[in-house]
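The sequence and structure are shown first.

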Amino acid sequence: MPTIAQAIRAALLEPDPRAKAFAARAVARDFAAGRLSFVFDVPMPDAPGRPETPVLLPPSQMPKRGKGGSERGRIALWHALAHIEFVAIDLALDMAGRFGAERGPGFVADFLSVAADEAMHFALLARKLRSLGSHYGALPAHSGLWDAARETAHDVAARLAVVPMVLEARGLDVTPATLERVRAAGDENGARILERILDDEIRHVRVGATHFTAICAERGESAENLWKMLVRRHFGGAVKPPFNDSARLSAGLSRDWYAGVA
Ligand SMILES: [Fe+2]
Ligand SMILES: [Fe+2]
């Protein structure tokens, strides 16, 4: 029987986006069906496999998206979202593969199901781009999305504090406005994709917050204090309002925490 670590590592190293999305969903399915042994015999790679395009640029060098209503602006929006979901597949796989041995099968099952969701989100957005006559890789993309993984590779609590509880939570804040803009422009299909993503992301943040709280309890630390300390130490940017308080609350994030860091 192949091991869980081998299967996750292979999906992480897969450079082709479509094949990586397929592999992520296959690992989640195979693990749920008992087809992978719970053995961590290979390390996770420092950097995941990725295709030659998109070209990655620092945010300061990214071309302006232009007017939201133009065809070019629309393609740039869906391309940026597709890139976020592509990296999100790797972030979820790495969470499961890197910290699974210490955290156990429930943790691995949770983050493999997140990885499967991200793979579905990526597939929906890649299809959306194709329907607009473009494709993932056609435009440059943000180079910094893997930085958080590198910065927190040494500590599962730091990883949880930054990736689901800051970065994915940020998605909850910004997606409703994008969704409204897309719907107002008459793109109902695009609006439905964003609704689905928003629903799933609430669950992802909740999964992250739940495991973070459990780890803090085991370590005898206050979850609120440890989260604030880890975010200050490992997250470069500011945790910025406006916050989507209701989505954050359904994800299990308390306003006292993030308002204090903002
Ligand atoms: Fe996602
Ligand atoms: Fe997510």
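At what angle do the axes of helix 6 and helix 8 cross, and within what distance do they come?

## Packing of helix 6 and helix 8

In this predicted model, the axes of helix 6 (residues 156-184) and helix 8 (residues 223-234) cross at roughly 85° and come within 9 Å. Since angles of 65 to 115 degrees count as roughly perpendicular, the two helices are therefore roughly perpendicular to each other.

Helix 6 contributes A157, A158, A161, V162, M165 and V166 to the contact, while helix 8 contributes L226, W227, L230, V231 and H234. Sorted by class, the residues in the contact of helix 6 with helix 8 are ten nonpolar and one polar, with no charged residues.

## Secondary structure and overall dimensions

The chain contains ten helices and two strands. Their order along the sequence is α-α-β-α-α-β-α-α-α-α-α-α. The chain has a radius of gyration of 18 Å, close to the 18 Å given by the globule rule for 262 residues, so it is as compact as a globular protein of that length.

The C-alpha trace of the chain spans about 50 × 45 × 30 Å along its principal axes.

## Burial and contact range

Buried residues account for 44% of the 262 residues of the chain. Among contacts between residues at least 6 apart in sequence, 78% join residues at least 24 apart.

Note on methods: Residues numbered from 1 in each chain as written. Chains lettered and ligands numbered in written order. Predicted model: local features only at pLDDT ≥ 70, side-chain atom pairs only at ≥ 80, totals over all residues. Axes fitted to C-alpha atoms, helices over the stretch in contact; angles between N-to-C directions. Helix = DSSP H or I, 4+ residues; strand = E, 2+ residues; numbered from the N terminus. Parallel < 35°, antiparallel > 145°, perpendicular 65-115°, else oblique. Contact = placed C-beta atoms within 7 Å. Nonpolar A, V, L, I, M, F, W, Y, C, P; charged D, E, K, R; others polar. Rg over C-alpha atoms; globule rule 2.2 N^0.38 Å. Buried ≥ 20, exposed ≤ 12 C-beta atoms within 10 Å, placed from the backbone.
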